[in-house]
Amino acid sequence: MAKRAAVAFSGVRTRSITRNEIYHRLEWFFDRHHDPSGKHTIPPAAPIAGLWRNLPLESLCVSMNQQVAVIPAWNSPLFHNVPIPWVSGTIPGSIGVKDVKNFGDLVDCVVFAYSVAGWNVS
């Protein structure tokens with residue numbers, strides 16, 4: 001799995017990442033058995049409350065931000081040390097974890113965080 005994942009996720013070398021890779025990384029965050037080169041397993045409309053077992057969103061944000069620096073995945077920290085915001089920014093379309101209702105919102109939040117951190121997200 002690790003070798004296959006290292007091939008599937010190469011964005012760390014170029015500071016360029018696809019929305020699809022972010023989607024897979026988030027799926028892996030919720031399910032360590034997720035195949036990063038396989039099909040998506042969490043639909044965008046899936047409520048975050050169910051995925052996060054009804055824990056507070058604050059703990060999701062803290063956990064994701066701990067993951068960026070602590071837990072390696074696919075030969076790099078899971079979210080490349082990109083800080084995931086708690087509150088939505090003043091830029092139109094930005095979203096923080098505080099406002100996440102479903103998995104698609106979370107993907108949007110992390111895509112925005114990568115963009116703010118200077119990554120090219122395609």
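User: Which residues does Leu51 touch, leaving aside residues up to four places away in sequence?

Analyst: In this predicted model, Leu51 touches Phe30, Ile42, Ala46 and Phe103. Leu51 itself lies in helix 3, which covers residues 48-51. The C-alpha atoms of Leu51 and Asp31 are 9.7 Å apart, although 20 residues separate the two along the chain.

User: Is Leu51 buried, partly exposed or exposed?

Analyst: One compares the relative accessibility with two cut-offs: buried is under 20% and exposed is over 50%. Leu51 is partly exposed because its relative accessibility is 22%.

User: How should I read the packing of helix 2 and helix 5?

Analyst: One considers the angle and the separation of the axes. Here the angle is about 120° and the axes are 10 Å apart. The angles from 65 to 115 degrees count as roughly perpendicular, and those over 145 as roughly antiparallel; helix 2 and helix 5 are therefore oblique to each other. Their crossing is right-handed. The residues that meet include Leu26 and Phe30 in helix 2, and Phe103 and Val110 in helix 5. By class, this contact has 10 nonpolar, one polar and four charged residues.

User: Which residues have the most contacts inside the largest nonpolar core?

Analyst: They are Leu26, Met64, Phe79, Val110 and Tyr114, in a core of 29 residues. Helix 2, helix 4 and helix 5 each supply at least two residues of this core, and helix 5 gives the most, with eight. Met64 touches, among others, Leu26, Phe79 and Val110.

Key:
Residues numbered from 1 in each chain as written. Predicted model: local features only at pLDDT ≥ 70, side-chain atom pairs only at ≥ 80, totals over all residues. Heavy atoms only, no water. Core = buried A, V, L, I, M, F, W, Y, C linked by side-chain atoms within 4.5 Å. Buried < 20%, exposed > 50% of the residue type's maximum accessible area, 1.4 Å probe, protein only. Helix = DSSP H or I, 4+ residues; strand = E, 2+ residues; numbered from the N terminus. Contact = heavy atoms within 4.5 Å. Axes fitted to C-alpha atoms, helices over the stretch in contact; angles between N-to-C directions. Parallel < 35°, antiparallel > 145°, perpendicular 65-115°, else oblique. Left-handed = near helix turned anticlockwise from the far one by under 90°. Nonpolar A, V, L, I, M, F, W, Y, C, P; charged D, E, K, R; others polar.
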